Amino acid sequence: MDILHVKNLTKFFGGVKAVQGIDLTIAQHQITGIIGPNGAGKTTFFNLLTGIYAPSSGEITYHLAETVGSRQLKPQKMAAYGVARTFQNIRLFKDMTVSDNVLLGCHCGIHYGLIPSLLRLPPYFQGEDEAREKVAELLTIFNLYDLRDEKARNLSYGDQRKVEIARALASNPKVLLLDEPAAGMNPRETHELTRLIQWIKDRFQLTIILIEHDMSLVMNLCDRLYVFDYGHLIAQGTPEQVQQDEKVIQAYLGGDYIAKAN
């Protein structure tokens with residue numbers, strides 16, 4: 001079953017064509033990779049999928065609990081429908097604790113309302129207790145529970161990445177978009193992250209779309225790849241198919257990558 005359809009998606013910034021005529025389909029409960037050289041339009045594409053940018057033309061249709069089709073939905077509306085993301089540059093509240101950063105993600109799904117919150121009625125306390133239980137569960141999954149009271153700025157880069165992913169999961173997404181999750185990680189951390197992404201996909205029944213430059217992670221993790229270059233979609237297929245595509249080799253992978261792979 002498909003969960004996302006993109007049809008003729010285009011985004012201009014003045015005279016710059018950042019994304020041009022993209023057509024693609026994302027299957028449910030798979031890990032899909034978006035790859036390509038710097039400046040290929042990958043992050044712009046993510047920003048379109050999550051409502052940060054409005055398309056210049058084209059359609060984005062999510063098939064979630066109800067069909068969501070629009071040329072633009074605001075990020076908060078996308079989060080309410082079940083679409084969450086992380087960013088290429090980590091966006092944590094550095095002076096807040098690890099627990100409080102993740103707790104922010106839970107508030108997308110809290111339904112106790114304004115009056116119970118202001119008057120501190122039982123639904124408020126019940127909702128807050130459930131949220132904190134969820135935070136504790138997520139921090140345990142990411143091996144961060146012992147750091148729950150630490151300020152985010154004091155964590156290693158790899159652990160900050162984990163906190164950001166945990167915060168995204170706290171909103172109960174159906175679709176999780178990861179923008180360069182392995183950026184800044186050493187090989188050991190990248191290997192651990194690869195296993196973790198596969199595990200959370202299965203554990204939470206997620207559809208995951210990721211942008212990544214680390215080809216070892218991409219080739220070992222993704223079910224399907226889409227390759228961007230200068231805003232165009234130049235190739236798609238399984239990792240095995242894509243790494244043999246001549247256009248991809250010329251635009252991105254290069255002959256050295258193929259020689260090493262063989």
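The model is predicted; local features need pLDDT of at least 70, side-chain atom pairs count only at pLDDT 80 or more, and totals for chains, interfaces and linings use all residues. Residues are numbered from 1 along each chain as its sequence is written, and side-chain values use heavy atoms, with hydrogens and water left out.

The protein chain has 10 helices and 10 strands. Both kinds of element are DSSP runs, numbered from the N terminus: helices are H or I with at least four residues, strands are E with at least two. The chain comprises 262 residues, and 51% of them count as buried. Here buried means under 20% relative accessible area, exposed means over 50%, and partly exposed lies in between (1.4 Å probe, protein chains only).

Two strands pair if DSSP finds at least two bridges between them. Histidine 5 stands opposite threonine 25 of E2. The two strands form a hairpin with two residues between them. Glycine 14 sits in that turn and has a positive phi of about 65°.

Positive phi values also occur in residues other than glycine. Glutamine 205 has phi near 55°. This residue is found in the loop between H7 and strand E8 (207-211). Its relative accessible area is 48%, so glutamine 205 is partly exposed. Tyrosine 230 has phi near 50°. Its loop lies between strand E9 (224-229) and strand E10 (232-237). Tyrosine 230 counts as exposed because its relative accessible area is 64%.

Helix H3 (residues 98-106) is mostly covered, with seven of its nine residues buried. The buried set is Val98, Ser99, Asn101, Val102, Leu103, Gly105 and Cys106. Cysteine 106 has 5% relative accessibility and therefore counts as buried. Cysteine 222 is buried too, at 7%. The structure has zero disulfides by the rule applied, which asks for a pair of cysteine sulfur atoms within 2.5 Å.

Helix H6 (residues 157-169) contains glutamate 164. With a relative accessible area of 2%, glutamate 164 is buried. Leaving aside neighbours within four places in sequence, glutamate 164 is in contact with Thr86, Phe87, Asn89, Ile90, Arg91 and Leu92. Its side chain reaches the backbone nitrogen of arginine 91 at 3.3 Å. That distance falls under the polar-contact rule: a pair of N or O atoms within 3.5 Å, where within protein one must be able to donate a hydrogen and the other to accept it, and residues adjacent in sequence count only if both atoms are side-chain atoms.

Eight salt bridges are present in the structure. A salt bridge is a side-chain nitrogen of Lys or Arg within 4 Å of a carboxyl oxygen of Asp or Glu. One of them links the side chains of glutamate 164 and arginine 161, at 3.8 Å from N to O. Both residues are buried. They are three residues apart in helix H6, so about one helical turn separates them. Another salt bridge joins lysine 162 and aspartate 159, at 3.9 Å from N to O. Lysine 162 and aspartate 159 are also buried. This pair is likewise three residues apart in H6, which means a separation of about one helical turn.

In helix H7 (residues 187-203), arginine 188 and glutamate 192 are four residues apart, and therefore about one helical turn separates them. Their closest N and O atoms are 3.6 Å apart, in a salt bridge. Arginine 188 counts as exposed because its relative accessibility is 55%. Glutamate 192 is partly exposed, at 24%. Salt bridges that share partners join Asp159, Lys162, Arg188 and Glu192 into one network.

Notes. Contact = heavy atoms within 4.5 Å.
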